[in-house]
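Here is a short report on one protein model.

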Amino acid sequence: MGFGVQRSSILVAVSMIFSWMFLANSAVNYVHGKMGECDIYEGSWVVDESFPILYNSSSCPYIRKEFNCEKYGRPDQLYLKYRWQPKDCDLPRSLSPTQMPVHLQLLPNQKATRSQKGFDGEDFLRRFEGKKIMYIGDSVSLNHWQSMVCLLHAAVPDPARILQETNGTISTFIFQDYDLSVILFHSQYLVDIENEQIGGVLKLDSLKNGETWKNIDVLIFNTWLWWYRRGPKQPWDYIQEGDSIVKDMDRMLAFRKGLMTWAKWVELEVDVRKTQVFFQGISPSHYKGQEWGEPEVTNCSMETQPISGSTYLAGLPPASYVLEEVLSSMTKPINLLNITNLSQLRKDAHPGIHNGLGNMDCTHWCLPGLLDTWNQLLYTSLIT
């Protein structure tokens with residue numbers, strides 16, 4: 001065992017260049033948001049005054065104070081009226097039974113609802129009756145999960161029939177009339193952190209929570225936010241891979257190694273005939289105005305409109321390329337919930353100062369808001 005700081009910047013740079021070349025010249029094995037010939041992740045944000053707001057801070061009692069922008073004084077409402085418009089198609093709200101995969105078709109006594117816009121919670125509840133859906137990741141997954149809970153809460157006939165359970169790192173909402181569980185498993189890195197004699201150790205090649213995950217019907221994974229954290233917020237003291245323990249290493253390299261451990265677990269343990277696996281793309285933050293052409297801006301506090309068009313000046317973050325490289329190396333079909341670029345355009349959709357913690361938050365997202373679109377895209381990917 002050797003202690004010390006591993007200097008691997010050159011290795012990471014070479015690895016990332018290889019990754020970009022690999023992605024540019026290889027067939028992609030993961031499933032990428034296609035609805036027919038339409039890529040649902042390519043498009044732009046359009047103002048739509050008729051776009052439905054399905055819940056708010058009064059109607060959904062589960063919104064945490066970190067995300068509850070309306071309750072904590074956000075004065076504008078325009079950010080709620082932007083609808084994601086794919087370039088070559090419209091997002092469906094529900095599909096007719098003949099358009100559905102066989103395992104999600106309605107029973108003869110069930111009736112599909114039809115509408116043109118927004119998330120169809122009633123249809124979702126019917127389609128996924130008896131299923132378990134789990135969001136696995138950091139506080140962005142918490143944010144994402146709460147959006148789904150509120151969307152479904154708005155659709156149930158009797159909210160009193162929703163049961164909430166918490167057990168350690170697992171929080172669950174059970175929609176009892178549908179036997180549907182929507183679960184959050186809190187995991188900052190997906191791989192393990194263990195407390196040992198030397199302190200907290202981030203184990204890049206260890207993933208022990210998989211037994212809890214692998215038999216769930218739908219899994220939505222996410223990690224990135226904590227990989228670059230340093231100082232007092234860093235929840236570990238050392239990094240371990242095999243017998244090698246180091247004080248630190250290049251964080252992008254560590255991120256890639258952790259993702260490869262997750263990918264190996266999926267390949268060995270997950271039966272994709274029974275479980276649909278999603279990986280949420282990298283969720284962007286908006287603290288650097290130069291990334292969207294306003295170098296004098298240092299946060300999102302005054303942002304009230306998205307970036308027009310479909311291009312983000314700074315391009316995709318490097319972590320996105322690492323994630324796509326790992327997914328492309330897998331043999332099992334993994335669905336990339338490719339929300340990065342469409343979320344980069346939404347510099348207006350963060351809480352900013354309008355949250356119950358009193359800090360500037362340009363990392364998480366207001367509820368209701370952008371994450372309802374993430375869940376609509378998830379729903380579209382599940383049913384098409």
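## Pocket and disulfides

In the lining of the largest pocket, α3 gives the most, with 3 residues. The model is predicted. Three helices, α3 (139-153), α5 (251-269) and α6 (318-328), each supply at least two residues of that lining.

The largest pocket holds about 1,000 Å³ of space. Its lining counts 42 residues. Nearest the centre of the pocket lie L225, Y228, S285, Y287 and T363. Sorted by class, the lining has 19 nonpolar, 13 polar and 10 charged residues.

Now the cysteines. How many disulfides does the structure hold? There are 4 disulfides. With the bonded cysteines numbered in sequence order, the pairing runs 1-4, 2-5, 3-8, 6-7. The table gives details for some of these links.

| Pair | S to S distance | Torsion about the S-S bond | Separation in sequence |
|---|---|---|---|
| C38 and C89 | 2.1 Å | -60° | 51 residues |
| C60 and C150 | 2.1 Å | about -80° | 90 residues |

Take C38 and C89. Their sulfur atoms are 2.1 Å apart, and the link is left-handed. C38 lies in strand β2 (residues 38-39), and C89 sits in the loop between β4 (82-86) and α2 (121-127), so the bond ties together parts that are 51 residues apart in sequence. Are these two cysteines buried or exposed? C38 is buried, with a relative accessible area of 3%. C89 also counts as buried, at 15% relative accessibility, because the cut-off for buried is under 20%.

Next come C60 and C150, which form a disulfide. The torsion about their S-S bond is about -80°, so this disulfide is left-handed. C60 lies in the loop between β3 (43-47) and β4, while C150 belongs to helix α3, so the pair joins parts that are 90 residues apart in sequence. C60 counts as buried at 1% relative accessibility. C150 is buried too, with a relative accessible area of 1%. Helix α3, which carries C150, also gives the most to the lining of the largest pocket.

Conventions:
Residues numbered from 1 in each chain as written. Predicted model: local features only at pLDDT ≥ 70, side-chain atom pairs only at ≥ 80, totals over all residues. Heavy atoms only, no water. 1 Å grid on protein atoms, 1.4 Å probe; cavity = no way out; pocket = protein on both sides within 12 Å on 5 of 7 lines; lining within 4 Å. Points joined across faces, edges and corners; volume = space filled by probe spheres on them. Helix = DSSP H or I, 4+ residues; strand = E, 2+ residues; numbered from the N terminus. Nonpolar A, V, L, I, M, F, W, Y, C, P; charged D, E, K, R; others polar. Disulfide = S-S within 2.5 Å. Buried < 20%, exposed > 50% of the residue type's maximum accessible area, 1.4 Å probe, protein only.
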